[in-house]
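Have a look at the sequence and the model below. The report that follows takes the two chains in turn, then the place where they meet.

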Amino acid sequence: MSTSAHLLSPAQRARVAYRRRQTMLSVLIAAASTAAVGTLLAVAVTGAPGWERVRQTFLDPQIARDALPRVLTGLWLNVRLLVCCAVAALLLGLLIAVLRTLRGPVFFPIRALAAGYTYVFRGLPLIIVLYVLTLGAPGLRLQGMPSVLVLGGAALVLTYSGYLAEVFRAGIESVHPSQLAAARSLGLTHRQTMRHVVLPQAVRRVAPPLLNDIVALQKDVGLVALAGPIDAVRAAQIATAQTFNYTPYIVAGVLFVLLAIPLIAVTDRVTLRAARRQSGG
Amino acid sequence: MDVLRCRGLRKEFGGQVVLDGLDLTVAEHHVVALIGASGSGKSTLLRCVNLLEELHDGTIELDGDEISAPGVDPDKVRRRIGMVFQSYNLFPHLSVLDNVTLAPRRVHRRSRTEAEAHARELLDRMGLGAKADAFPDRLSGGQQQRVAIVRALANSPRLLLLDEVTSALDPELVGEVLTMIRDLKAEGLTMVLATHEMSFARDVADQVCFLDGGRVIEAGPPEQVLGEPTHPRTRQFLARIIEAGRL
């Protein structure tokens, strides 16, 4: 914006006025087209021949109110599981990515294991990992076997850390070799170079895709319900089975979106900041 | 006393010989300028001396210790040698102060207060005191390169290697970096610099080495190598430089 002390030339005043008119015009056009599309959609849906039936089976306010506490209880499980699994998967993913960068023949088995890990767990469907861990592992009847919930969480961590490791690795490889040369020329060891020079830059660069994977994890944590624990979707399913009404699913769906909004907002802001930094630097 | 002694250095990249039995000796408090066309091996030589590249033959001695011997820990050697790169290579996620104190704190295990006091003193002396808390992307190219030199100096190196440190700079920023190197020479720092700035080489170097085909084919005081070159390749190189108006 121009400062108040500065007297604008007629040319600039004309430009400012023109820009203001253009802005007004585009706001008006956007509002009109949104209203038109919204009306059309509303008319098409509510005017459909089966609308009454659908409204009753999917959008019953009384059933929504009744199901809400149970779905919320289920959602609390999702949230707790998400926080634990996200932290664990990020740490494990980072560890695996770093192990893959180790050089020297001594580390060959570790490198190979880490690489194999990302191949196996990115290839294996999550549901199969879940079944093997939650149904298979307890079958061993070993002492001190953790609860099904913990085993389910472990399955999520195993699968997601495979993806996250590859994202971290992409970040590590995106740091220019000249940065490594500069760090090593100062006498820093490989480990110190990783810790103080490569990883801080790598993590910052891949923060947006990492957060994106966490948003995906948020929905997948519910799959532990396959092994018994009742999450939000399973709670909605139970409520639906009792009332023969699908409204609880809609309740769960709305809650999931509400839960995702803060995370997605953070992701967007981080992405924007990264993009700005890149164009600025 | 010689700080650096290189004997018969050989280095290939994918079958292409870059250093071909190169010899170089640098006496204490001396400044040696390496000149020669692109691809003559100047940068490779500096990177080999800092053990950033694996040698294919020959030996390197630093203060009489053979640093190219098997079993020598390269990290310990690099603590005694500073290196400054053509493209500055500052760490973009760290402030100027953190760039300078990283090695003293992590490699030499100095306390933060001690390292920062020393770094601020160095930055002040180099006219960069006001930039201590800035990030590299807020600095001009000349300032970034001066910070990179300070970062190398913070390790109190025996030997400073400068790899075409002014090549990436706008002409009006070259002067401030060259002034700084001149000051370091006055302080008695031993330096090897690869450069395309012939007038600077003449001005600051005790010895100029002309590299061609991976060997030093002519070496001596700057007046002699730049003024009355004896080798035809040196004459040809200097003639091209003069043609381009850079001497």
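## A sheet in chain B

In what order do the four strands of the open sheet in chain B stand? The order is β2-β1-β4-β5, and the pairing is antiparallel. Strands here are DSSP runs of E with at least two residues, helices are runs of H or I with at least four, and both are numbered from the N terminus. Two strands pair if DSSP finds at least two bridges between them. Strands of a sheet pair through backbone hydrogen bonds, either parallel or antiparallel.

β2 (16-27) and β5 (65-66) of chain B stand at the edges. Each has a single partner strand, so one side of each has no neighbour in the sheet. Strand β1 (residues 2-13) of chain B is joined to β2(B) by nine bridges, and the two run antiparallel. C6(B) has L24(B) in β2(B) as its bridge partner.

## About the model

This is a predicted model, in which local features need pLDDT of at least 70, side-chain atom pairs count only at pLDDT 80 or more, and totals for chains, interfaces and linings use all residues. Residues are numbered from 1 along each chain as its sequence is written, while chains are lettered from A and ligands numbered from 1 in the order in which they are written.

The pLDDT is the predictor's confidence in each residue, from 0 to 100. Chain B has a mean pLDDT of 92, and 99% of its residues reach 70 or more. For the complex, the predictor gives an ipTM of 0.89 and a pTM of 0.82.

## Chain B as a whole

Nine helices and ten strands make up the secondary structure of chain B. Its radius of gyration, taken over C-alpha atoms, is 18 Å. The globule rule (2.2 Å times the number of residues to the power 0.38) also gives 18 Å for 247 residues, so chain B is as compact as a globular protein of that length. Its C-alpha atoms fill a box of roughly 55 × 45 × 35 Å along the principal axes.

An unreviewed UniProt entry annotates residues 4-238 of chain B as "domain: ABC transporter". UniProt positions follow the numbering used here, feature names are shortened, and annotations may be inferred rather than shown by experiment. That span is 37% helix and 26% strand, and its end C-alpha atoms lie 27 Å apart.

## An enclosed helix

A residue is buried if 20 or more other C-beta atoms, placed from the backbone, lie within 10 Å of its own. In chain B, 44% of the 247 residues are buried. Why is helix α1 (residues 42-49) of chain B largely enclosed by the rest of the structure? Six of its eight residues are buried. They are K42(B), T44(B), L45(B), L46(B), C48(B) and V49(B). After α1(B) comes L51(B), with a positive phi near 60°.

## Chain A

Chain A has ten helices and zero strands. Its radius of gyration is 26 Å, whereas a compact globule of 281 residues would have one near 19 Å. The C-alpha atoms fill a box of roughly 70 × 70 × 30 Å along the principal axes. Buried residues make up 29% of the 281 residues in chain A.

## Where the chains meet

Two residues are in contact if their C-beta atoms, placed from the backbone, lie within 7 Å. By this test, 18 residues of chain B touch 18 residues of chain A. On the chain B side, α2 (74-78) and α3 (96-106) each supply at least two residues. The largest share, three residues, comes from α3(B).

Notes
A residue is buried if 20 or more other C-beta atoms lie within 10 Å of its own, exposed if 12 or fewer, and partly exposed in between; C-beta atoms are placed from the backbone.
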